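Welcome to my notebook. I open the model here and jot down what I look up, one entry at a time.

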Amino acid sequence: LDAPKMNDVDFDYGRGDYSLAQMANKFKSKARYTGTVDNWERIAKGTKTIVFCCSSEQTIEITKEFVKRGYRAKYCLSGSFDEDIEYSGERKEIIDAFARGEFDILVNLGILVAGFNEKSVKTCVLCYSTISITKFLQSIGRASRPHPSKNGEFLLLDMGANFEKLGRYEDD
């Protein structure tokens, strides 16, 4: 699954990054949602995973795709989603349950980019494009933290081909 082309997406000076609405449209499709899970199954199946999305719809649909395939996944968005309790809930409860290992895949929209420190996360999936090296490295940082279970390794699935613009994690 190729990353969407971002050459016609506007720069949002307020965000210092791509226009969120335009980027979300680039990533909005059933093929992208299922392709993300297909790639995760092929490369990272069985690992504790954080998925970063660029829209609420994408966050919810990717979570549902994981659950449909039998994986323990929840999503975390701003606000409360009591009506969708199978897939979400109160933010603190979701994050605490993830840390306790009650489910393996936490899908979110910008909430866990910085300030989240669950060292056992082995895989980071980026379902967005950015021109912000800070956002890129902070997102990856959720999986790059040392933990005995990871043997000094972590996995990055970059569905937005961010490395093409920003370099690889291991680059200077």
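**Entry 1: E65 and its partner.** I looked up E65 and found it buried, because its relative accessible area is 4%; buried means under 20%, exposed over 50%, and partly exposed in between, with a 1.4 Å probe and protein chains only. E65 forms a salt bridge with R69, with 2.8 Å between the closest N and O atoms. I count a salt bridge when a side-chain nitrogen of Lys or Arg is within 4 Å of a carboxyl oxygen of Asp or Glu. R69 is partly exposed, at 26% relative accessibility.

**Ground rules.** This is a predicted model, where local features need pLDDT of at least 70 and side-chain atom pairs count only at pLDDT 80 or more, while totals for chains, interfaces and linings use all residues. Residues are numbered from 1 along each chain as its sequence is written, and side-chain values use heavy atoms, leaving out hydrogens and water.

**Entry 2: other salt bridges.** How many salt bridges does a search of the whole structure find? I got 11. In one of them, K92 meets D96 at 2.7 Å, N to O. Both lie in helix α4 (residues 91-99), four residues apart, about one turn of the helix. Helices (H or I, at least four residues) and strands (E, at least two) are DSSP runs, numbered from the N terminus. K92 is exposed at 53% relative accessibility, and D96 is partly exposed at 29%. I also noted R100 with E102, at 2.6 Å from N to O. Salt bridges that share partners also join K30, D38, E41, E65, K68 and R69 into one network.

**Entry 3: the sheet.** I traced an open sheet of five strands, in the order β4-β5-β3-β6-β7, with parallel pairing. Its edge strands, β4 (73-76) and β7 (155-158), each pair on one side only; two strands pair if DSSP finds at least two bridges between them. From one strand to the next, the twist averages 15 degrees. Strand β3 (residues 49-52) is joined to β5 (residues 105-108) by four bridges, and I50 stands opposite L106 in β5.

**Entry 4: helices on the sheet.** Helix α2 (residues 30-43) lies across β3, β5, β6 (123-126) and β7, at about 155 degrees to β7. Helix α5 (residues 133-144) lies across β3, β6 and β7, at about 150 degrees to β6. Contact means heavy atoms within 4.5 Å. Axes are lines fitted to C-alpha atoms, for helices over the stretch in contact, and angles run from 0 to 180 degrees between N-to-C directions.

**Entry 5: Y13.** Last, I found Y13 in the loop between β1 (11-12) and β2 (17-18). Y13 counts as exposed because its relative accessibility is 72%.
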